[in-house]
Amino acid sequence: MSAPTNPEVKELNPVDFIQLQQYIEYCSLKVKDVLREFDKDGRLARHRHGECINEEGFRHFLKAYLEVEDFPSDLCQRLFCSFQNSKPTQEESTKEVFLKDVSCYFSLLEDGQPMDKLEFAFRLYDRDGNGVLDSSEVDRIIAQMMHAAEYLDWDVSELEPVLKDMMTAIDADSSGTVSLKEWVEGGMNNVPLLVLLGLKVTTAVFLIL
Ligand SMILES: [Ca+2]
């Protein structure tokens, strides 16, 4: 059972991260090698415009990097949109993203430490950017983790209260909000959280709670 997805929502979600991590697990290339194809004499050079690539170039990047022909186009679009945040004022037809943002992001997924990935996730879920996760942001994380658990075929019948307790525990000083420090410290050794946020790949998941 999957929740209906709003076509207007172009944000990345944990299921996207899980899928991406799975693709990256199976790919043999390094992101820095694929980025070289965008250099002057590279195979993808024509898709590079200065320091940027457009959505078509990004699609070629994913195809070359992940070595897949059929990467989901909606996921490709959400990823591309996520990189646009640093270049917000663009016409629809000429949207471009910085190659360095793409590079940083995929390098993080490729061999980033859980701490770095948690920090990245924190910035993503702190939607109003005020530096803490408030209760509505936490509720959203729980909903997304439930969605991810369904995607992973976990038994979700009694999972929601467990995830709520988990998030309550992460708010170590019981202030009602989760700071970056609490998030990273609480999340580091929390395997279910890392898995459900798509920050860690497990081949066999034994959820011990
Ligand atoms: Ca916030």
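Predicted model: local features only at pLDDT ≥ 70, side-chain atom pairs only at ≥ 80, totals over all residues.
Residues are numbered from 1 along each chain as its sequence is written, and side-chain values use heavy atoms, with hydrogens and water left out.

Next I looked up the helix itself. α1 covers residues 14–26, and its 13 residues reach 19 Å from first C-alpha to last, close to the 18 Å expected at 1.5 Å a residue (1.5 Å times one less than the number of residues).

Which residues of α1 are buried? I found Pro-14, Val-15, Asp-16, Phe-17, Ile-18, Leu-20, Gln-21 and Ile-24 (buried means under 20% relative accessible area, with a 1.4 Å probe and protein chains only). These buried residues pack against several helices, including α3 (55–66), α4 (73–83) and α7 (135–151) (contact means heavy atoms within 4.5 Å).

Then I turned to the strands. Three of them form an open sheet in the order β1-β2-β3, with antiparallel pairing (strands pair if DSSP finds at least two bridges between them). β1 (48–49) and β3 (96–98) stand at the edges with a single partner strand each, so one side of each has no neighbour in the sheet. Two bridges join β1 to β2 (residues 52–54), and Arg-48 has Ile-53 as its bridge partner in β2.

Last, I checked the whole protein: it has 10 helices and five strands (DSSP runs, H or I of at least four residues for helices and E of at least two for strands, numbered from the N terminus).

Note on methods: Buried < 20%, exposed > 50% of the residue type's maximum accessible area, 1.4 Å probe, protein only.
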